[in-house]
Structures are given as C-alpha cells and as structure tokens.
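Dear colleague,

Please find the structure below, with the sequence alongside it. My notes on what was found follow directly after.

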There are 2 protein chains.
Amino acid sequence: MKDILARNLDAFLEEHREGELAGLLAELHPADAAELIMGLEEEEDRSVVFSLLTTEMAPQVLMELPEAEREDLVQTIPAEQLSRIISEMDSDDAADVVGGLDDDEAAEVLGFFKPEESAEVRRLLLYDEDTAGGIMQLELVRAKEDETQQEVVEHIRRAEDEVEGLNYVYVVDRAGRLRGWVTLRRLLLARPDDLVRDLMSDCELVINVHEDQEAVVQKFKKYDSRSSPVVDDQGRLLGRITVDDVFDVFHEEVDEDFYRMAGTSEEEIYSDSVFKISRLRLPWLLANLSGGLVTGYLVWQFKVALRDVLALVTFIPAIMALGGSVGIQSSTIVVRNLALNRLPSGRMAGMFFKELRVALVMGLVCGIGGALVAKLWHGQAILGLVVGLSMFSAIILSSVLGALTPAFFRRLNIDPALAAGPFVTMCNDILGILLYMGIATVFLKFML
Amino acid sequence: MKDILARNLDAFLEEHREGELAGLLAELHPADAAELIMGLEEEEDRSVVFSLLTTEMAPQVLMELPEAEREDLVQTIPAEQLSRIISEMDSDDAADVVGGLDDDEAAEVLGFFKPEESAEVRRLLLYDEDTAGGIMQLELVRAKEDETQQEVVEHIRRAEDEVEGLNYVYVVDRAGRLRGWVTLRRLLLARPDDLVRDLMSDCELVINVHEDQEAVVQKFKKYDSRSSPVVDDQGRLLGRITVDDVFDVFHEEVDEDFYRMAGTSEEEIYSDSVFKISRLRLPWLLANLSGGLVTGYLVWQFKVALRDVLALVTFIPAIMALGGSVGIQSSTIVVRNLALNRLPSGRMAGMFFKELRVALVMGLVCGIGGALVAKLWHGQAILGLVVGLSMFSAIILSSVLGALTPAFFRRLNIDPALAAGPFVTMCNDILGILLYMGIATVFLKFML
C-alpha cells in the first residue's frame with residue numbers, strides 16, 4: 001500500500017483529495033509516512049501532507065524525519081499546533097525539537113505547555129547536546145527497594161502511556177540514588193509479595209549525565225546495552241538512554257568522520273544554502289590549493305633540472321598520486337582503529353611497524369614498475385633509477401606520515417579524522433615532490 | 001579494579017600467579033576481560049589469560065573479541081574444550097565461531113556436541129553470512145493464540161537460561177507461521193487466564209531470512225526495532241535478530257565503506273600477513289600509478305608548450321590537488337546519502353544541481369585566487385588567465401564527475417563507496433591535466 005500511495009501522491013495532491021489521503025496516511029507506519037513526505041520535492045507539498053496526519057502520528061512522523069527536513073517543516077507549523085505535537089513526544093525528542101527553534105519561537109511554543117512539562121523540556125535543554133544529558137529521556141519507571149512486585153506492577157500500569165519500550169524498572173533509595181534494576185522478565189516470574197530488594201540486580205552499565213555521547217556509543221556497543229540509566233555526579237537517577245537513540249548518535253558520528261575525511265563538515269547535511277556549504281568546504285580546498293602551489297614552487301626551484309630533462313615532468317603526476325593514495329590508506333586504517341577503540345595503546349607500535357612493512361612491499365612493487373616504465377618510455381636507465389627510487393621512498397614516507405599523523409592529532413585532542421583526509425594528502429604531495437626533485441638533482445649530471 | 005589489573009597483568013604473568021589472576025578475572029565484566037586480553041602484545045599471553053577464565057565467562061569473552069583475534073585464539077584451544085565453550089553460546093554466536101574453523105576442525109568440534117545442538121548450528125551455517133539468516137539466533141519464546149497468560153509465563157520460566165534479553169513472546173499458529181507478538185509489559189499487566197489472542201499485537205517489523213544484512217540494518221534503524229522475528233518465505237517463524245547484533249553489523253558495514261573509499265578492503269582487519277595486506281591495497285595503488293602515468297603521458301603530449309613556457313609546470317600540482325579534493329568532497333556526500341537511504345530517488349536531481357552550484361562558487365573563488373597567484377608569481381597576465389580558467393573548469397568537472405560516479409556505480413550494482421575513493425581521484429587527475437594543457441595550448445601563442 002505504501003508503494004501505491006507513493007506513486008499516486010502527486011495525483012492526490014493535484015486533485016485536492018486530501019480527505020482520502022488522510023485516511024490512507026493513517027494506516028502507515030510513522031517511519032513509512034516520513035519516507036513518503038521526504039520523497040516530495042516541493043516544501044509546500046511536504047507541509048500539506050504533514051498537516052493531514054492524525055494527532056497521534058504527527059509527533060512520531062516528525063521525529064522520523066532527518067534533522068534538516070524536520071527544522072524546515074517545523075517552521076511551517078503554527079506555534080499552538082506545534083506545542084500540541086511536541087507535548088505528545090518523549091522528553092528527549094521534545095527537547096530536540098524545541099532546541100532547534102529560535103529563542104522567541106521556543107518561548108512561544110513552551111508558553112502553551114503545562115508548567116511541569118515546560119520545566120522538563122527546559123531542564124533537558126540545559127545539557128550540552130553532545131553529552132549523555134543531551135540524548136537521555138526523563139520517562140522511566142522507578143521503584144524503591146522495600147516495595148513489592150505488586151506495587152511495581154502498579155507503577156508500570158500507571159506509566160503505560162508515557163514510557164515506551166520498557167525493559168527495566170530502576171530501583172532508587174530515599175535520596176533518589178540509583179541502586180540497581182529489575183528486569184520485566186524477573187517481575188513476571190516473581191510472586192506479588194516478593195520484595196524489589198530480592199528481585200533487583202546491578203545495572204550492567206550506568207552513564208554519567210556529563211559523559212560525551214561518543215563515549216556513550218562505545219559503552220553501549222561494548223556492553224551490548226539496550227537501555228541504560230543516566231545519573232548525576234552524586235549517583236542520583238536522572239533519566240535513561242535507549243539503544244535506538246544511541247544508534248542515531250552513532251550514525252551521526254560516522255557521518256561526521258566521513259565528512260571530515262573528505263574535507264568538509266557534517267554541518268552541510270543540515271544546510272540547503274549553497275554559500276554556507278561552499279564556506280564549509282572552501283577552507284580545505286584553499287589549504288589544498290596552497291599545498292599544490294607550494295609543491296609547484298618546489299618544482300620551480302628545480303627548473304634548471306627540468307629544463308634540461310623535461311621528461312622528469314611526466315612523472316610528477318604519478319608520484320603525487322601514489323603518495324596521496326598510500327597516505328589515505330594508512331591514515332584511514334589508523335583512524336578507524338582509533339575510532340573503534342580497536343587498538344589498545346600497548347599495540348600501537350606494532351601497527352605502525354606493520355604499516356611500514358606493508359609500505360616496503362608496495363614501494364618495491366610500484367618503484368620497480370615505475371622504473372621500468374620510465375626506462376622503456378624515455379630510454380634512459382638513469383631516469384628509471386631516479387623515478388623508481390623516488391616512488392619507493394615517497395611511498396614509505398607517505399605511509400609513515402599517514403599512520404603517525406592521526407595518532408599525533410589525537411594526542412593534541414584534535415579529531416584524527418581531520419588528519420586522514422586533506423591534511424595528509426597535502427603533506428604527502430609536498431614531500432613526494434621534494435624527494436623526487438632532490439633525487440633527480442643528485443643524479444642530474446648522469447642524465448645529461 | 002580493571003585498571004589495576006591491566007597495569008599489573010604482565011607482572012602476574014611473569015611471576016606465574018595464575019590462581020590469583022583467575023580470581024580477579026572472574027570479577028570483571030566479560031567485555032572488560034576481553035579488552036584486557038586484547039591489550040596483550042604476545043599471542044601466547046592472550047591464550048594463557050583466556051584459559052584462566054571460568055566456564056561461564058569464556059564464551060562471553062570470546063564473543064567480545066574482534067573477529068581476527070577470536071579466530072587466532074580459537075586455534076589455541078583443544079577441540080573438546082572449545083566444543084564445551086561453544087555449546088554455552090547463543091546459536092548465532094556458536095555458528096559464527098564454528099563457521100570460522102576449517103572443515104576438519106568444525107567437524108571435530110561438532111562431534112562433541114549433543115545431536116540436536118550440532119543440528120542447530122549446522123542449520124544456521126547453511127544461511128549466507130551476509131543475510132538475516134546469518135545473524136539471527138534460534139533462541140526465542142513462542143506461544144499459541146489459544147494459550148493463557150499463565151501458560152506463557154511458564155514458557156518463559158522454562159526458557160530462563162537459554163533466551164537472553166527477552167522483550168517479546170512470539171505467537172505462531174499450528175503451522176508455525178508468525179501471527180504477532182506479546183510484549184512482556186502486556187503479559188505483566190494481564191490476568192493469568194487472559195488469552196494470548198487478546199494480548200497480542202502485530203510485530204512492527206518482520207524480517208525475511210534471505211534479506212541482505214544491510215537491509216536489516218536500515219529497517220532496524222527506520223523502525224527503531226530492538227528485536228525482530230525472522231521468517232521463511234512461507235511466513236514460518238525461524239528465529240530472531242536483536243539490536244546488539246544489528247549494531248555489530250552496522251559497524252562492519254561502515255568499516256567496509258571507509259576501507260573501500262581509502263582504496264583497500266575491510267579484509268585486512270582480519271589479516272596479520274604483510275603480503276596479504278599489500279595484495280589488497282596494491283590493485284588500487286597500481287590503478288593510481290597507471291592514472292598518474294597516463295596523466296604524465298598527456299603532459300608529455302604538450303611538451304612543446306611546456307618547453308616554451310616552463311612556468312606552466314608549476315601549476316600542475318595545484319590543479320591535481322584541487323580536482324582530487326573536490327571530487328572526494330562531492331562523491332563522499334553522494335555516497336553517504338545513498339548509504340543512509342537519505343536520498344529519495346525523486347530528489348536525486350536536486351542534489352546534483354546543488355553540488356553543481358556549490359562547485360560554481362568554489363570554482364570562482366579558487367580560480368580567481370589561482371589566477372592572481374600566477375600573475376603575481378610569473379608576471380604574465382595571460383598565464384594567470386590560463387591557470388584561473390583551468391582551475392575553475394577542473395573544479396566544475398571534478399564535482400560533476402564525483403557526484404555522478406557513485407550513482408552510476410550503484411546502477412551497475414557496484415558498491416558506490418568504491419567510486420568515492422581512488423577511482424574518482426584518478427579520473428579527475430587525468431581530466432584536470434587534459435583541461436589545463438588544452439587551455440594552455442589555445443592561449444600559447446599569446447604567452448610567447
């Protein structure tokens with residue numbers, strides 16, 4: 001049905017059969033409805049289809065939309081209606097949407113809220129977006145150690161509408177400090193008068209509210225957690241983080257790495273402005289341009305050699321291409337290993353050494369290949385030697401630089417992903433040409 | 001305690017205080033014990049520490065190790081002991097470990113299993129590693145529509161040891177076809193004589209056993225699923241997939257993309273052999289070398305122009321660097337959008353157009369910058385024009401090529417990530433130089 005709807009959506013909109021469309025939309029899964037809206041080219045159409053959703057579905061669909069689309073769409077919804085949609089959301093989602101508004105709009109929307117609801121959202125907005133506090137939700141079920149199974153079941157019954165995807169009931173002491181959790185399975189198998197104290201176990205993973213979201217992702221993955229409690233520095237239970245939110249964060253972090261390695265920023269996902277995007281990419285491009293000009297300047301310093309042996313020019317592109325590729329290969333390996341915490345510090349040296357040996361093998365193969373091509377092409381054995389030697393040493397040097405830079409960046413607290421992209425390529429271009437021209441000058445007298 | 005243990009692990013091993021060490025290890029979380037083992041440089045030490053784990057912990061620790069380390073470690077465990085460890089695992093983990101063994105070893109290990117256990121593992125091994133069947137586990141709790149809440153609770157009690165992380169009980173008809181599920185929360189709030197029929201709801205997401213694992217990841221993310229049933233083509237319930245396994249698959253897929261974009265293969269994570277790794281990377285390097293040589297050959301075709309205006313040589317590196325960077329930027333954006341299904345087909349054209357406009361802006365900035373540098377450096381306005389025009393057009397062309405190639409690869413059923421890396425860079429090097437030399441030739445007579 002989803003596919004039929006997608007194919008005929010334009011027709012429905014053109015013929016203004018909104019009533020019919022609303023009925024069909026109501027039968028979709030929110031994620032499918034979001035996909036349908038995303039597929040519409042015109043922002044106006046997206047806004048019309050969204051307005052046809054039921055009150056129950058609208059908040060869910062909104063949260064399924066990518067952040068950039070969501071923020072665009074939210075602009076088109078009147079404040080009162082928006083506040084009604086947001087108040088149906090989990091607290092973390094509500095805070096995300098309100099956080100994306102201008103201060104004035106946010107105040108207007110929160111004005112329609114019940115006081116305790118708006119306090120909740122305001123509280124969540126205080127936490128840094130990139131920390132555990134920024135992704136946690138406040139909805140959860142709590143119990144005390146001296147309560148019975150029956151009492152806890154009543155807590156769960158009362159929370160039915162509010163808490164989604166419930167796996168655990170969190171146990172707190174009188175001061176609100178987290179003591180442990182009880183799984184729903186354990187509750188199900190217990191007797192009504194069993195005490196929480198006897199049913200509870202230690203939480204496998206407890207997250208501090210100030211922890212960086214990247215650390216939260218690593219821990220969820222490491223401990224295979226589905227839902228973890230969040231506490232403040234005094235150990236008081238504040239909220240919980242569920243695995244689907246962590247999944248989304250992981251997606252974001254991966255994107256960030258991809259974009260940075262390509263020499264741009266993940267911010268451009270959230271932007272439709274050509275100038276903003278250009279501004280994000282240009283610094284890297286200009287850095288590369290400067291690198292290229294510096295390389296060219298170095299070439300120019302050797303113009304005497306070049307004028308005498310113009311054939312040397314023909315291998316500049318190959319040496320640059322090799323250095324660039326090897327650098328990206330080595331640095332990507334190191335960046336990924338660092339990002340996934342796959343590399344205990346004790347084994348870092350081993351990996352560098354491995355990269356070096358791999359570079360030796362590849363340097364020999366490419367160096368000998370390059371030397372043969374140079375000899376056959378221009379008929380000068382000495383040119384072959386210069387080219388082969390240059391390729392071999394450029395590969396070794398690029399690999400070492402590619403492997404060391406990310407670790408070095410990391411030590412300086414700069415994202416290693418920044419190293420793996422444009423930066424390493426730029427350095428390797430310069431170094432490769434310097435090597436090539438240097439070696440050529442040494443052997444120049446034999447080439448004339 | 002984990003940190004103290006990590007710091008003193010070497011001392012424990014050297015002084016052969018194994019008994020003490022075993023006691024300390026038993027107190028760790030399996031994930032922490034795995035990290036500790038991973039941190040040891042010598043394979044022998046890793047094997048010794050692993051052998052000190054309790055029977056309960058050994059299977060869990062083994063599954064926490066990265067695949068390459070796990071396979072190395074497994075080689076050091078005698079078949080009978082290994083079979084005991086594997087039989088404690090969930091069926092999907094057991095199949096993964098057995099699947100990593102040679103045929104002979106696998107047969108030997110399975111020989112120690114109970115017949116029904118070895119049949120289960122063999123059955124799972126029949127599914128392609130990269131499909132839902134390859135990641136599902138057989139352990140789950142099933143119920144029939146006419147059973148009561150009380151009967152279902154008994155099913156859960158009996159499955160206590162076997163099924164981990166239980167959120168749902170799956171409902172099947174007499175033919176074993178999946179009819180729906182009951183959440184544990186629903187069971188908890190029901191009365192003992194309530195019928196399953198009245199408690200169950202539709203499963204939000206049902207996975208076909210032959211579905212590609214990448215599709216499974218997308219669906220889990222889209223529907224925020226934590227655990228989904230897997231069925232065969234007739235709709236019969238076979239097993240379930242849990243979100244932690246999906247998380248691991250997602251990690252793998254992301255890594256695959258990173259490695260391919262860098263011009264190597266994710267296989268190298270699983271290899272310690274320098275020659276194997278070199279063999280994985282060399283094809284890309286040789287392709288780049290060839291691309292570089294072709295570029296050099298093109299330069300050579302214009303040797304008359306170069307000999308006359310040697311200053312032209314100094315901008316070859318900059319033009320190559322710009323084309324390469326722009327190509328990587330555009331192709332990365334498209335590859336990520338394709339990988340995350342963020343780009344409905346109807347809006348693909350819009351994105352290309354956006355990339356083009358961004359390229360126009362960046363081309364203007366870099367072109368004007370390059371032209372100025374060329375004029376100031378070599379004092380020839382006409383050289384500035386040639387350089388600026390070349391940079392501008394190289395940026396436009398590289399961006400178009402970078403944006404179109406991934407979509408084109410996708411249509412040919414080749415992974416778009418392969419396009420974003422070495423391939424686009426190679427094409428752009430060649431095209432950039434061709435443009436530069438072509439434009440230079442046109443203006444040559446004004447430069448002399």
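**The loop at Asp415 of chain A**

A:Asp415 is found in the loop between H21 and H22 of chain A. Please note that this is a predicted model. The side chains of A:Asp415 and A:Arg260 are joined by a polar contact of 2.6 Å. The pair also counts as a salt bridge, with the closest N and O atoms of A:Arg260 and A:Asp415 2.6 Å apart. A:Arg260 belongs to helix H16 (residues 243-261) of chain A, while A:Asp415 sits in the loop between helix H21 (381-411) and helix H22 (416-447), so the pair ties together parts that are 155 residues apart in sequence.

Leaving aside residues up to four places away in sequence, A:Asp415 touches A:Glu256, A:Asp257, A:Arg260 and A:Phe409.

**The interface between chains A and B**

The contact takes 116 residues from chain B and 116 residues from chain A. About 10700 Å² is buried between the two chains, and carbon and sulfur atoms give 67% of that area. On the side of chain B, the residues that lose the most area to chain A are B:Arg185, B:Arg226 and B:Phe258, which together account for 8% of what that side buries.

Between chain B and chain A the count is twelve salt bridges, and there are 20 residue pairs in polar contact, both residues being at pLDDT 80 or more. Helix H17 (residues 274-301) of chain B supplies the largest share of the side of chain B that touches chain A, with 18 residues. The residues of that side divide into 61 nonpolar, 23 polar and 32 charged.

Two of the salt bridges between the chains may be described individually. In one, A:Arg336 pairs with B:Asp255, the closest N and O atoms being 3.1 Å apart. In the other, the side chains of B:Arg281 and A:Glu355 meet at 2.7 Å, N to O. B:Arg281 lies in helix H17 of chain B and A:Glu355 in helix H20 (residues 348-378) of chain A, so this pair joins two chains.

Over all chains, the structure holds 38 salt bridges. One of them joins the side chains of A:Arg17 and A:Glu15, at 2.8 Å from N to O. Here A:Arg17 is partly exposed, at 31% relative accessibility, and A:Glu15 is partly exposed, with a relative accessible area of 48%. Salt bridges that share partners join A:Glu15, A:Arg17 and A:Glu20 into one network.

A:His16 lies in the loop between helix H1 (2-14) and helix H2 (18-25) of chain A. Its phi is near 55°, a positive value in a residue other than glycine. Most residues other than glycine have a negative phi. A:His16 counts as exposed, at 58% relative accessibility.

In chain B, B:His16 is placed in the loop between helix H1 (2-14) and helix H2 (18-25). Phi of B:His16 is near 55°, again a positive value in a residue other than glycine, and B:His16 counts as exposed at 58% relative accessibility.

Helix H7 (residues 79-87) of chain A has as its buried residues A:Ala79, A:Leu82, A:Ser83, A:Ile85 and A:Ile86. Seen down the axis of H7(A), these buried residues fall within an arc of 160°, so they line one face of the helix. An α-helix has 3.6 residues a turn, so residues three or four places apart point the same way. The cover over the buried residues of H7(A) includes helix H4 (43-51), helix H5 (57-64), helix H6 (67-75), helix H8 (91-99) and helix H9 (103-111) of chain A.

In helix H15 (residues 213-222) of chain A, the buried residues are A:Gln213, A:Val216, A:Val217, A:Phe220 and A:Lys222. At the start of H15(A), a side-chain oxygen of A:Asp212 reaches to within 2.8 Å of the backbone nitrogen of A:Glu214. Just after H15(A), A:Asp224 takes a positive phi of about 50°.

With kind regards

Conventions:
Residues are numbered from 1 along each chain as its sequence is written. Chains are lettered from A and ligands numbered from 1 in the order in which they are written. This is a predicted model: local features need pLDDT of at least 70, side-chain atom pairs count only at pLDDT 80 or more; totals for chains, interfaces and linings use all residues. Side-chain values use heavy atoms; hydrogens and water are left out. Contact means heavy atoms within 4.5 Å. Buried area is the accessible area (1.4 Å probe) that two parts lose on being put together, summed over both. A salt bridge is a side-chain nitrogen of Lys or Arg within 4 Å of a carboxyl oxygen of Asp or Glu. A polar contact is a pair of N or O atoms within 3.5 Å; within protein, one must be able to donate a hydrogen and the other to accept it, and residues adjacent in sequence count only if both atoms are side-chain atoms. Helices (H or I, at least four residues) and strands (E, at least two) are DSSP runs, numbered from the N terminus. Ala, Val, Leu, Ile, Met, Phe, Trp, Tyr, Cys and Pro count as nonpolar, Asp, Glu, Lys and Arg as charged, and the others, Gly among them, as polar. Buried means under 20% relative accessible area, exposed over 50%, partly exposed in between (1.4 Å probe, protein chains only). The arc is that of the directions from the helix axis to the C-beta atoms.
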